[in-house]
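Here is my note on the model, in numbered points. Please read it with the structure open beside you.

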Amino acid sequence: MMINRWSGLLAAGVLAIGGGAARADFLFAPGSGFIEPTLNYGGSTTRYSEWRNFYSTSTVGNLPDYYAEFGGVKVGSVWQPTPRPVDDPDFPAQPSYYTSDRPNAFWNINNPTITQTNAATGYISSTGNFYGLNGAQSFRLDDNTAATDDPSGMPGYTAGTVVFQFQTDGQFVDLATIRLVYMDGGIEKWISAADLDRAEMLREYMPPEGASSDPSSAEGYESRFAIQWNLTGLGISDYSIVWDTESHTSLQQVSLDTSDQYVAAIPTSREWTGGSGSWSDGANWLDRSAGGTYGTGPVENGNVRFENTSAALVALASSKTVGEIVFTTANDLTLEADAGVALTANTGISTTAAATGVYSIKSDYVFGAVNLFDIAAGTVLIDGDVSGDYGFIKTGSGALALSGNNSFTGAIDIQAGSVRLTGSNTTTATVSVRGGELSLASGTALTTSGEVKVGFDSTFFDNPVPAALFIDGAYTLGRSIQVVANNSQVILGARNTGGQDAVYSGAVGLTSGAADVRLRTESATDRVRFTGAMTGGGTNRTMTIDGPGTVIFSGTAKNYNDATVVSSGTLVLETTIGAANGTGFGSFTVKNGAVFHITSTGRLNGFAGDIFTPQSVLTIEAGGKVKGAGVIARKVATTGTLSIIEASRSEGTLTMTSLDASQGVTFQFDLQQTVDPGIPLVAITGEFKGSVLDDGVRIAFSNLGSIEVGQAYTLFSYGSVSGLTLSDLFLVNTGLVLDQSFGTGGWKIENGEIQVQFAAVPEPSTLALLGMCGVMLLLFRRKIRSLAS
């Protein structure tokens, strides 16, 4: 029974688009069905099959359930599937998926079948979809156009063309896996979906819950593919189509059209092979579907490939709608449009690995559907204004830059490579940096509404890669930031701030199981300030400050649970790390060459009532420095005399719960007298544990010109001491002489304080004696008593 593809279908929601007017979201046109290929229905033999519900995993093939040429019954004017012929031995028994509202299919062995070919990697969901939870799935569609069914009177034929369409939801399909396979003289051969001479392919993407939804909160995207193979002259009737889907991806729908004649049934691609010229000049475009001829320009909704042999300027005089834009060579290309002209892309822009040039779109640009920027190499620049009801995805290791005043409303999803935003973007949808880098190079690069998610969600996506968010310049990002659960590294940073502050003013949330986070600056003059709250994380994760610049915590308290490592540069604390009750915070370490500067408004909390747990210790490693005038409500531990604690009378008192200097420490004190010299520079509310090394507690003074002779300076106050003797103390400066009439050799230890007083600085004629201060101190290294509180 030969009928038109669309006569008597089950649902009215299917829309035939193939021969209609151009439109965006071509493959996702309104209605639930696929597009109708523009085959020669009246003058050729054609067949059509469609699957919307699957019932069998890996054991037997799934027959079409929505439409097929064989096995149905005509009820009125509607061609319908039939109940399963349970008693027929040619068909399987009750399948693993079977519900009362979907018991029917087109049960005839002449119909094509779809089989899942790798067992135990997925299951069939309650909605009839194949779902691969724990791994990739492989599928095979088997068809034989020579098959006949005597009761129907339908003739068999040799296939001239095959049009294959399918829809998935989840991760992207590897296009290299889609192949049409056939036997030729006993030898298996195949034609890839990417074969430019024998195949034409369109692809399109949508978020799973609507154009502006957040794909990072779901399992990826709805994807539709339309592939046409030209089989003219190959004598093929018995063939298979094979393809793979990734883990956490469902196969939802499939349709198949075949004909004994080849006609271009979906919009065909064009290739630009020359140098500079006009888009509208057909002589610049190669049409492979017409046997490799020139003369006709791109068709609406078709793909365009630029294979220019030299740097080229392409002039666009009128608005166009295309599928995918592909750059294939290392030669630069600029697409420049007249004023008011826009280029609409349904798929997006991609570059091949050989396309290492710069490709500039100097035109307004419209997202016809979710745009995929698959930039394998090179740089794509869009200098016009970008609009549309969708967002974009960035994959590939190449670069994408948007510099216009953009009004598109969908989400931004960066999975690899780099994206730089230098203009304005009004979308309030979620921005996801799952991998690669997002660089914000203007104050309006993102709105303050919405959220930025950073990190690859390991719940749904495999092979996570580092993800970075940078403010490029002294700008403010007002959005909240969520570091998602993943096993890779997340970077929040700033560059090119010129000594001014780049500001993250939104809250930073560390999801349970979130990755290690690095707060990074790229030069010594870079400064990045975090004024919003920081919460979440876990003590088995690390917040690392790195880079040569300055990271500042100010504003709302930072109550995150990660361990903190200042590995390089400077961390300035102007607010509180840890809640007032001091619970749930990780260890804190200052590495070689790094500085932790806690200001008078800063407070570093730890576990209340237990200062000896690792989560309540601030460790200063050799070459690391802690300075300032705030409160360290933790035990401070040093690792040697190269561990530095710095305090200045101009800044105020540095307070800590206890100090373990048993391995040595160096204090750097500035005695510039702007406050009462009787106020201690370092206040240790608990125990001050001295060094086990002679000369292990080293003291250096700066700003020597401000020191007053005969003035007692209070250096320390403490609650108690242990293991601290005069022999521990070593005066580093060789230009100062202690006042021998003060205390014991210039030192006084009483009432829980350590004070020092200096004698007159020698005249220049006695400079040879300047080194004697160290000798004078040695005279008093008599271990005759321990310092008592």
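1. Start with A159. This residue lies in the loop between β9 (137-144) and β10 (161-170). Strands here are DSSP runs (E, at least two residues), and helices are runs of H or I with at least four; both are numbered from the N terminus. At 3% relative accessibility, A159 counts as buried. The cut-offs are under 20% relative accessible area for buried and over 50% for exposed, with partly exposed in between (1.4 Å probe, protein chains only). A159 and W229 are 70 residues apart in sequence, and their C-alpha atoms are 10.0 Å apart in space.

2. A word on the basis. This is a predicted model, in which local features need pLDDT of at least 70 and side-chain atom pairs count only at pLDDT 80 or more, while totals for chains, interfaces and linings use all residues. Residues are numbered from 1 along each chain as its sequence is written, and side-chain values use heavy atoms, with hydrogens and water left out.

3. β9 belongs to an open sheet. Five strands make up this sheet, in the order β6-β9-β15-β11-β12, and the pairing is antiparallel. Two strands pair if DSSP finds at least two bridges between them. β6 (113-116) and β12 (187-192) are the edge strands, and each pairs on one side only. On average, neighbouring strands of this sheet are turned by 25° against each other, direction ignored. That angle is taken between axes fitted to C-alpha atoms (for helices, over the stretch in contact), on a scale from 0 to 180 degrees between N-to-C directions.

4. Now the pairs within that sheet. β6 and β9 run antiparallel and are joined by four bridges. T113 stands opposite D142 in β9. Eight bridges join β9 to strand β15 (residues 238-245), again antiparallel. There, F139 has W243 of β15 as its bridge partner. Strand β11 (residues 179-184) is joined to β12 by six bridges, also antiparallel. R179 has S192 in β12 as its bridge partner.

5. How many cavities does a search of the whole structure find at 30 Å³ or more? The count is six. A cavity is a set of points on a 1 Å grid over the protein atoms alone where a 1.4 Å probe fits but cannot get out; a pocket is an open set with protein on both sides within 12 Å along at least five of seven lines; lining residues have an atom within 4 Å of a point. Grid points are joined across faces, edges and corners, and a volume is the space filled by probe spheres set on the points.

6. The largest cavity has a volume of about 110 Å³. Its lining includes L196, D197, Y262 and R288. β13 (199-206) and β14 (221-230) each supply at least two lining residues. By class, the lining has three nonpolar, four polar and five charged residues. Nonpolar covers Ala, Val, Leu, Ile, Met, Phe, Trp, Tyr, Cys and Pro; charged covers Asp, Glu, Lys and Arg; the others, Gly among them, are polar. Domain 1 (104-148 + 155-266) and domain 2 (269-378) both give residues to this lining, so the largest cavity lies between them. The domain bounds come from an automatic or database domain assignment.

7. The second largest pocket holds about 440 Å³ of space. Of its 20 lining residues, L175, M201, R305, E324 and V326 are the closest to its centre. β13, β23 (320-327) and β25 (342-351) each supply at least two of the lining residues. Which strand gives the largest share of this lining? β13 does, with four residues. The lining has nine nonpolar, five polar and six charged residues. Domains 1 and 2 both contribute to it, so the second largest pocket lies between them.

8. D501 stands opposite R527 in β47.

9. Last, β69 (residues 753-756). Four bridges join β66 (residues 713-722) to β69, in antiparallel fashion. F716 has I754 as its bridge partner in β69. Four bridges also join β68 (residues 747-750) to β69, antiparallel. E750 stands opposite E753. The hairpin of β68 and β69 has two residues between the strands, and N751 takes a positive phi near 55° there.
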